[in-house]
Amino acid sequence: MLPYWLGLLVAAIFVHFSATPNDSFWDGHPARMLLVILGAVMGAVSFGVELSSNTLPLLLVQPLSRNRLWWEKMSVFGAALTTASLVMVVRTPWEEGWGWGSGILVDQWSAVVMLWAVALSIPLWTLVAGTALGGTVLGLAGPFILSVPLVALIEITMERRGIDFIRIARVVHTYLSVALPVYALSCFLAAWWRFCHYQAKGNGGDLLAGFAARSTRGRFVFLRSGRDPFWNLVRKEVLLHRVSFVMAGLMTGVWFLFLAMLAIVEGLRGQITDEVKNGTLIPTLSLDGFGIGLFAGPLVIYAMMIPILVGASAVAEERTLGTHLMNLTLPSLRRGQWGIKCLVAVGVSFVLGLVLPCCASVVSSDVRQALGSIPSRELLQLALILTPIQLLMVLAATWASALCQTTLRSAGLATVMIASLFVWTVISLNIGDFWHQGVVSRAVGEMMLHDGLKAAMILLAVFSVVGAVIAFLVLGYRGFRGLERRRWEHWAGFGAVCIFVLFMSQMAGILLGALHGQGQG
Amino acid sequence: MFIQINFSSPKPAYLQIVDQIKWAAASGAIRAGEPLPSIRPLSEQLRINRNTVAKAYSELESQGVIETSAGRGCFLKNPGSPLKKEVRHELMIEEIDGVIVQAHHLQISGKDLLRMVGERLEHFEDSNNNHK
Amino acid sequence: MKSTDAVIEIRGLHKSYGATDAVNGLDLMVRPGRCYGFFGRNGAGKTTTIKCLLNLLKPNQGTVRVFGRDPSKQEVEVKSRLAYVPDQVAFYPWMTVNETLRYLESFRRKWNRDIENDLLERFDLDASKLTTALSKGQRTQLALISAVCPEPELLVLDEPTSGLDPIVRREFIETVIGAYQEADPERRTILVSTHLIREFEGLIDEFTIINNGREVVSMEADTARRQFQRVRARFVHAPPDLAFASPRSMRREGREVEMVLHEAAPELLERLRGYPLESFDVESLSLEEIFVSSLR
């Protein structure tokens, strides 16, 4: 539990120091999201590990009442949450005058509320899902469904009625401050009840995987299992990512539910036609970063999480299932298996992480334009930028998966790597309003742009991505094909991560500099 | 015919099978021309290596106790040994010498020995008659 | 039998995990058509050796040859001629029994559908059942079917019957004898690593007992039964000094003596019989007793 606690504190510190004005929680400030996710993971792990390794019966056999066991678990968790919340909200004396308006404090508090809401509901979802991973996915989906679509609905309906923004904000805050705690408390109590009445049934605890397995069984019929090992492997690999499919399904389901709710509300008010035509009804995903889109924030988080989840499942799932050994003893080239594995991971990540959100946002934009099947230019640009990023993320997560025993740990390792890249890029380019400040790499980027070295810069970017891809594939293969890991390989992996982070952040700096120069010029 | 392998005996399993089949033949439990159990079901029943049974059968065949006909299995042969009478008698004398030495060790007198031999011969005869 | 004909040949195998030596100079040779037993205590190095055979681990020192080939260099060639039944059997939970068999079949050149149907019927396995719905014994049976159907030349069994009920264990052994060995006895080799030595007693032709990464005993089963004997004797008078017999272990109770001999020879037994005895019993040790006696 300790590493998670530390991670939670670090995230809280980061949130504390990176708060800026004009930053609304729903814009999906990454650090806050990360904090919430970490809190969810910590809660899920406190139960999930025992559930999936079937050691919970061992625990329950101890001569302690279930109440006592429950509170012991929750107290550690609660302590971690409390410390993290205090770090986020409390301002030390020497921070006075840093420019924290009341708006910031409210946002920090809302982050705390969100953290507690998610965290308190996690034990229930973990008990329901049967694994730490499933608990995390369901637990994050719960408050998300409760807050984002309903809040969006409230905001838009009230805006239609011409109510001013301040009153809307107040209503939203009231709703959230009631709904979230109620949800969290009821989940917590339900989990407590369930724990006390827990029956250790033994087999088949993984709800999410079972559900995904049942619902995907007939689907990939076109990939028939026949005499060809290639298609059998592809089919097996695709089905290995069942948790990602569930997550994508949840996201899509919520999205369409929201659209349907909106349509119903607007339909009831008879105002649907004009708004749909103008495209002002539903906000679009714009390239303006984490802009005005209500769904944009969570959608971006989803687009970031899916590649990591897919990559992390690639090898670690097999290790958890126990089939990794079986595959290594089959008379088939390991290189071939690894190649197919990576290919399918990239493909699934592409479909679920890029194509799906693009389709979703296409639907949300001007419907007629979508029917005209010309996606907006902004969307294409975003897709173009996201593709190499997601490719790198999925392969980084696959490499992590080849090293770790469980999907959750691999995802954690990959997230740490990506997060360090982000953090380091921000740090090396100055935190904050970085569009208006420059350092070496950004200057290099601008210079390259103005000196007409645009092609060279693009080539450099492409080479660095290709280099990283090859590195991950090669290093990942080493972890995949063997059953043992020598100590130097751990250090080599750590070194690879550092090189990756340092190098990529400079590349990002160059590109950002060029973009900035383009924007200005 | 019931065959049983005793793993506590220093005698290899295949020899035990050979001896028990020979015993069965001598006591009339199985007659000439009757089929022996096939290798696979016997090895499964005794839960021993198939090759052990195969070895036993090939030993029996080389001793001329059984004969194999392709496709139909193994059959007990008519007791017609290919060895000449003198050779057979010599082999028997060796066995008899062994028995006499053993009797001396166990302090069985010559008279008792002869009586016991007679009893055992009668036993086999009766067994043969019962099986007829 | 030339050593080049050996199915498995291990010479001077060394494998260590960090500071501990799992395997410390092991020699092993398995000839075709034999059933080879590989016995040892937990942690003695059995699984490590088997993993080196399958190229799951790289030996630090020594040579490993399967079918005369190096498993780390000609991996696919070697693996296509053998089948492995691990101790922890695992399948994909979304596949049915039938789908699992089809999946595994696609990697093999040969697959005997008749044996598959025969065994499925014999084990009473429903082919459309999900693998998660199978009991442990049924999963092992499925693993065995998938190992026997491709008709491999070598069957490697690692703790195959641990945790199974007696009926399943019997069926397992009967299948190995019947379905596997029957078809081509000269070229069907079995390497079985197990604790349930008693069950495989009849199957084993040759065995090696390994301890602390080294072989302790290595001989044919028939020879072992001649050499490892337990003598129970009741002497008329007080028992004499029996040190000449160099027993492995001896138990005295009044006039009764029980000895375990590791190198019993007929002359030795004759000499023992020479003493005035009330009773004299000689019995071969079972393989399991040989195991216990060699390692205690």
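**Entry 1: the cores**

I started with the largest nonpolar core, which holds 108 residues. I looked up which members touch the most other members, and they are A:Leu115, A:Ala396 and A:Ala414. I'm noting here that this is a predicted model, so everything below is read from a prediction.

I took A:Leu115 and listed its contacts, skipping residues up to four places away in sequence. A:Leu115 touches A:Leu35, A:Val36 and A:Gly39, and also A:Leu81, A:Ala84 and A:Ser85.

**Entry 2: A:Ala397**

Next I picked A:Ala397, which sits in helix α16 of chain A, residues 377–403. Is A:Ala397 buried or exposed? I found 33 other C-beta atoms within 10 Å of A:Ala397, so it counts as buried; the cut-off for that is 20 or more.

Then I checked what A:Ala397 touches, again leaving out residues up to four places away in sequence. On the list are A:Pro307, A:Ile308, A:Gly311 and A:Ala312, plus A:Ser410, A:Ala411 and A:Ala414. I'd already met A:Ala414 as one of the core residues that touch the most other members.

I also looked at A:Ser313, which is 84 residues away from A:Ala397 in sequence. In space the two are 8.4 Å apart, C-alpha to C-alpha.

**Entry 3: two helices in chain A**

I turned to helix α4 (residues 66–89) and helix α7 (residues 165–196), both of chain A. Their axes come within 9 Å and cross at roughly 135°. That angle makes α4(A) oblique to α7(A). For handedness, I noted that α4(A) passes α7(A) in a right-handed crossing.

Which residues make this contact? From α4(A) I wrote down A:Arg66, A:Asn67 and A:Trp70, and from α7(A) I wrote down A:Trp192, A:Phe195 and A:Cys196. Sorted by class, the residues of the contact of α4(A) with α7(A) are four nonpolar, one polar and one charged.

**Entry 4: chain A against chain C**

I went on to where chain A meets chain C, a contact that takes 26 residues from chain A and 22 residues from chain C. On the chain A side, the elements giving two or more residues are α8 (207–216), α9 (229–240) and α13 (323–329). Which of them gives the most? I found that α13(A) does, with five residues. The side of chain A that touches chain C has 12 nonpolar, nine polar and five charged residues.

**Entry 5: chain B against chain C**

**Entry 6: chain B by itself**

Last, I looked at chain B as a whole. How many helices and strands does chain B have? I got five helices and two strands, in the order α-α-α-β-β-α-α along the sequence. Its C-alpha trace spans about 50 × 35 × 30 Å along the principal axes.

Of the 132 residues in chain B, 18% are buried. I also checked contacts in chain B between residues at least 6 apart in sequence, and 57% of them join residues at least 24 apart.

Conventions
Residues numbered from 1 in each chain as written. Chains lettered and ligands numbered in written order. Predicted model: local features only at pLDDT ≥ 70, side-chain atom pairs only at ≥ 80, totals over all residues. Contact = placed C-beta atoms within 7 Å. Helix = DSSP H or I, 4+ residues; strand = E, 2+ residues; numbered from the N terminus. Nonpolar A, V, L, I, M, F, W, Y, C, P; charged D, E, K, R; others polar. Buried ≥ 20, exposed ≤ 12 C-beta atoms within 10 Å, placed from the backbone. Core = buried A, V, L, I, M, F, W, Y, C linked by C-beta atoms within 7 Å. Axes fitted to C-alpha atoms, helices over the stretch in contact; angles between N-to-C directions. Parallel < 35°, antiparallel > 145°, perpendicular 65-115°, else oblique. Left-handed = near helix turned anticlockwise from the far one by under 90°.
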